[in-house]
Amino acid sequence: MSASLETPAASVPMQQTNRRAGKLRRGVRSLLKSKTGTLGLLIIVAITFMAVFAGQLAPQDPAKQNVAQRLKPPMWLEGGKPDFPLGTDNLGRDILSRIIYGSQVSLLVGICSVIIAGLIGVFLGLVSGYFGGWIDMVIMRIVDAFLAIPNILFTLVILSVLGPGLVTLILVLGITNWTNYARIVRGEVLSIKERDFVRAARSVGARDARIIFTHILPNVVSSFIVISTLSVATTIILEASLSFLGLGIQPPTVSWGGMLSDGRDYVATSWWIATFPGLAITLTVLGIIFLGDWLRDVLDPRMKQNGK
Amino acid sequence: MRQYIVKALLQFIPVMFLITLIVFSLMHVTGDPVSLMLSDTATDEDREILTKALGLDQPMHIQYLKFMGNLLQGDFGTSFRYNQPALPIVLERLPASFELAIAAMLVATVISIPLGIWSATKRNSILDVFVTGGAVLGKAMPSFWLGIMLILLFAVKWKTLPVSGHGSFKHLILPAITLGTGIAAEMTRLIRSSLLEILGQDYIRTARSKGLMEMLVIYKHAFRNSLIPVVTIMALQTSVLIGGTLITETIFSWPGMGQLIIQAVNTRDMAIVQAAVFVIALLVIISNLLADLLYRFLDPRIKYN
């Protein structure tokens, strides 16, 4: 601090970059120390890479039908061809290419809808916890009402009324999944608003909106990140379930849930059609859970699980 | 205690009211019920008649009051597929879903209690690593994929269990495992962490220091107390359990409420969907209330305020 007093202009930004670099280095070191965290990060990086460069990585056109090549097994089995490493489906489409393209939808839907849910939930949680009283009561009763309807049923009903589609799906998953954020953020705000720095801000005449957004909001960011990561995992499963039931992503857009639904009818003869997309979902969700658990341990020691 | 129950019941009324509002707006504001119900070949005249018959030409608030009035009389509308009142059709399917849900909870309990205790008492051993890893895997696997894989192995390959249907114990096994695995994973994790916390408490040290056998310390002193949070958190999972029946019943053609809902959604039989949403919401709210009471009953340290 004394150094910055002497030459404020030069050393403050430098100190800040140093501090930031130190934080980053510490973060990376603690990530490498956690084996599951590292594994999770590697899985997520690989799947993101796959989604971004799907066009370059996929050996075939994922939508190209080829009746002559239908129901070919994976290449290591008898009758398999190296052109179709994981085999083909009932329309002769390459499973590997479809899995690579399917990652795009899963990540897109997972991340976008979690952002929407997070914005709604954090806002309502902040307002509910900060103002209390009847506002809090109304918001919490709305949360109770949302929680009483199972997520999958809720989204299913809205999608059946509005009709399926990518954008609709993202919006619907966003507006039905905010309750977790609202509850946790509200709980945190209840304790943060009693802390001295909030009282100080209020005593110098800061307005409510300013206190909420500049003083309280930064303190709930770490919870936001932790809930978001784990929400992406559950949302990916939810999206796949909806697509499996035929109300999520519609063909010709490739989705892992939709592939599983195709494969279900051929499970007796061609096991690979349903098996590989399911593995892809499991691996992705596993990676996110590992990363999320590590993030929780690092960002929020209070939420730390026992025995870790 | 009584005061607490009364307060909880009073909170129940606004929540149910909000649910009617949600369902009403889902059915009436977001979509056009007439075109949902009519086929594409319907003429404008047909549309007009149906709009009048459903009272959709009236202002929104009148429609809502009518809707509420009908609900209070237990009238959830008529299913056009079955041509019968919707509520009895939904209630008729409940026992099969209960059967599946109870079987799934049994599967989850049988798996999670021994595994949870083992991994907590042998912390950081290879067994613990396997159990905690398995629990994460169980959470990451989509249940519909697990169901298909079980069919692939037990019905297609080994031909030991039926693919679908309802009636015998054999029919129940695969659906119960499909629905129960995710819950087992959650429960194992909970039992493990709850038991670990309790094993560090003073009264456990006291029990050990007076020379009690380790088995007795764990089962009589630690395990029972560790179940308090587990039982209540599991009761709060009712919503997840019911959500899971939608998928599981569809995969295994199980004739429960979940299958009925999916069929109703696909055929746009909105009266059934409406009635089912209410029945489920009611079940979830009641079980959450019971969970809360159970928690207070099991742990006398909790006050009723």
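Predicted model: local features only at pLDDT ≥ 70, side-chain atom pairs only at ≥ 80, totals over all residues.

Guide: Now find helix H1 of chain B, residues 2–28, and helix H13 of chain B, residues 270–298. Their axes come within 11 Å of each other and cross at roughly 155 degrees. That is why H1(B) and H13(B) are described as roughly antiparallel to each other. The crossing of the pair is also right-handed.

So who does the touching? From H1(B), the contact uses Ala8(B), Phe12(B), Val15(B), Ile19(B), Val23(B) and Met27(B). H13(B) answers with Met270(B), Gln274(B), Val277(B), Ala281(B), Ile285(B), Leu289(B) and Asp292(B). Sort these contact residues by type and you get eleven nonpolar, one polar and one charged.

Now zoom out to see where this pair sits. Chain B has 13 helices along with two strands, and its C-alpha trace spans about 85 × 60 × 30 Å along the principal axes. Of its 305 residues, 39% count as buried. Among contacts in chain B with a separation of 6 or more, 70% link residues 24 or more positions apart.

One last stop is the neighbour, chain A. The contact between the chains takes 38 residues from chain A and 43 from chain B. On the chain A side, H7(A) gives the largest share, nine residues. That side divides into 26 nonpolar, nine polar and three charged residues.

Notes: Residues numbered from 1 in each chain as written. Chains lettered and ligands numbered in written order. Axes fitted to C-alpha atoms, helices over the stretch in contact; angles between N-to-C directions. Helix = DSSP H or I, 4+ residues; strand = E, 2+ residues; numbered from the N terminus. Parallel < 35°, antiparallel > 145°, perpendicular 65-115°, else oblique. Left-handed = near helix turned anticlockwise from the far one by under 90°. Contact = placed C-beta atoms within 7 Å. Nonpolar A, V, L, I, M, F, W, Y, C, P; charged D, E, K, R; others polar. Buried ≥ 20, exposed ≤ 12 C-beta atoms within 10 Å, placed from the backbone.
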